[in-house]
Amino acid sequence: SEFDVKRCYDVVIKLVDEAGNIIASRNDQQKTISEKSCDVDLLTETDQEVETLLISNLSKEFPTHRFIGEEETSEGKKVELTDLPTWIIDPVDGTMNFVHTFPHSCISVALLVNKDPQIGIIYNPILNQKFTAIKGEGAFLNGRRIKVSGQTDLGKALITTEFGTTRDTEKLDVTMDNLRKTIESAHGIRALGSAALNMAMVALGAADCNYEFGIHAWDIAAGDLIVREAGGVTSDPTGQPLDFMARRVLAASSPELANKVANLLTQYYPPRD
Ligand code: LIP
C-alpha cells in the first residue's frame with residue numbers, strides 16, 4: 001500500500017548507471033568465462049559482480065523486496081515469483097556478445113508487484129542506449145518518448161529472434177523450421193544476441209516483432225513493460241497471456257501482427273522455470 005514506484009526508480013537507475021560503467025569498461029578486456037547449461041550458455045565474472053552490486057544495494061534500501069537473478073539461479077536457487085515486490089535482474093543479457101565484444105550487451109532490470117511489471121530498464125552502456133518505462137507513463141530511449149511501428153502486415157515486418165543457447169536437436173529443428181518460415185513470409189529477420197535488446201528494438205519501432213523459445217524471466221520482464229508502454233503487445237507465442245515462468249515470448253507492434261506470427265510459428269515448450 002505504501003509502495004513508492006518513483007523512489008524505487010530513483011534508487012535503481014543510479015545503480016544501473018554504476019553497473020553500466022563496469023560493463024562498458026570491461027567490454028574490450030579478456031573475460032573469465034564459466035558455462036551454465038552448456039558450452040554456449042555463458043556467465044562471466046562481470047555478470048556476478050553486477051548482480052551482486054544490484055541485489056546488495058537494492059536489498060539495503062528495500063529489505064522486504066524479493067529478487068530473481070540470472071546468476072543466483074545458475075547457482076541452483078529455484079525461481080519463485082510471488083506477489084511481493086520482486087526485482088528480476090539479468091546483469092548482462094547478451095553474455096556471448098560481451099565475451100566477443102560484439103557491442104549489444106545490456107543490463108535488464110524489472111520490478112514486479114503482484115507479478116505485474118511496474119518498472120523496466122534495459123541499458124546497453126556500450127552504445128549508450130537506455131530504455132526505460134514506468135507503468136502508465138510511456139517508454140523512453142535516453143529520456144525521449146518511443147513508440148512501436150504499428151506494423152500489421154507480416155510481409156512488411158522485420159522480425160527479431162535468436163538461435164538459442166542449446167544444441168538440443170529437437171529445439172534446433174524447431175528453431176530452423178521457424179527461421180525458414182519467417183524468412184519466407186516476413187520482410188527480414190535479425191538476431192542481436194540479446195533477448196532484451198531484441199524486445200527494445202520492437203519498442204523503438206526499429207523491429208516489428210520478436211519471438212523466442214527458451215528465454216527466462218530475467219531476459220524479458222523489463223522488455224515486456226517497455227514494449228507495452230511503447231504501444232505494443234506481448235504474449236505467449238501462441239497468443240495466450242505471457243507467462244514469465246514458461247520460457248516463451250512474443251512481442252509485437254500490433255495485435256494483428258502478433259496473431260499472424262503466432263499462427264506461423266511451430267511451437268516449442270522448454271521445461272518451465
Ligand atoms: C541469453 C540471451 C540470448 C537468448 C538466450 C539467453 P544471457 O541471455 O541474451 O539472446 O537467446 O535465451 O537468455 O545468458 O546472455 O543473459
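Which domains does the shell around the ligand draw at least three residues from? I looked this up first. The shell draws at least three residues from each of domain 1 (5–146) and domain 2 (154–264). The domain bounds come from an automatic or database domain assignment.

**Model and numbering.** I note that this is a predicted model, in which local features need pLDDT of at least 70, side-chain atom pairs count only at pLDDT 80 or more, and totals for chains, interfaces and linings use all residues. Residues are numbered from 1 along each chain as its sequence is written. pLDDT is the predictor's confidence in each residue, from 0 to 100. The protein chain averages 96, and 99% of the residues score at least 70. For the complex I read an ipTM of 0.94 and a pTM of 0.97.

**Ligand shell.** I found 16 residues around the ligand. D93, T95, E162, S194 and D219 come nearest. A residue is near a molecule if its C-beta atom, placed from the backbone, lies within 6 Å of it. By class, I list two nonpolar, eight polar and six charged residues. Here Ala, Val, Leu, Ile, Met, Phe, Trp, Tyr, Cys and Pro count as nonpolar, Asp, Glu, Lys and Arg as charged, and the others, Gly among them, as polar.

**Domain contact.** I took the centres over C-alpha atoms: domain 1 and domain 2 are separated by 20 Å. In contact across the two are 36 residues of domain 1 and 27 residues of domain 2. Contact needs C-beta atoms, placed from the backbone, within 7 Å. On the domain 1 side, β3 (66–69), β4 (86–93), α4, β5, β6, β7 (129–134) and β8 (139–141) each supply at least two residues. Helices (H or I, at least four residues) and strands (E, at least two) are DSSP runs, numbered from the N terminus. That side of domain 1 divides into 21 nonpolar, 10 polar and five charged residues.

**S108.** I placed S108 in strand β5. Is S108 buried or exposed? S108 counts as buried because it has 32 C-beta neighbours inside 10 Å. The cut-offs are 20 or more other C-beta atoms within 10 Å for buried, 12 or fewer for exposed, and partly exposed in between, with C-beta atoms placed from the backbone. Leaving aside neighbours within four places in sequence, S108 is in contact with D90, D93, I122, A196, W218, D219 and A222. S108 and D90 are 18 residues apart along the chain, yet their C-alpha atoms are separated by 5.1 Å.

**Positive phi.** I checked two residues other than glycine. T101 has a phi near 60 degrees and lies in the loop between α4 (95–100) and β5 (106–113). T101 is partly exposed, with 13 other C-beta atoms within 10 Å. N114 has a phi of about 55 degrees and is found in the loop between β5 and β6 (116–124). N114 is exposed, with 10 other C-beta atoms within 10 Å.

**Helix α8.** Which residues of helix α8 (residues 255–264) are buried? I find L257, A258, K260 and V261. They lie on the same side of α8, because they cover an arc of only 165 degrees around the axis. The arc is that of the directions from the helix axis to the C-beta atoms. What covers these buried residues includes β12 (209–213), β13 (233–235) and β14 (248–252).

**V5.** I placed V5 in helix α1 (residues 5–26). V5 counts as partly exposed, with 16 C-beta neighbours inside 10 Å. Not counting residues up to four places away in sequence, V5 touches Q118, I119 and I134.
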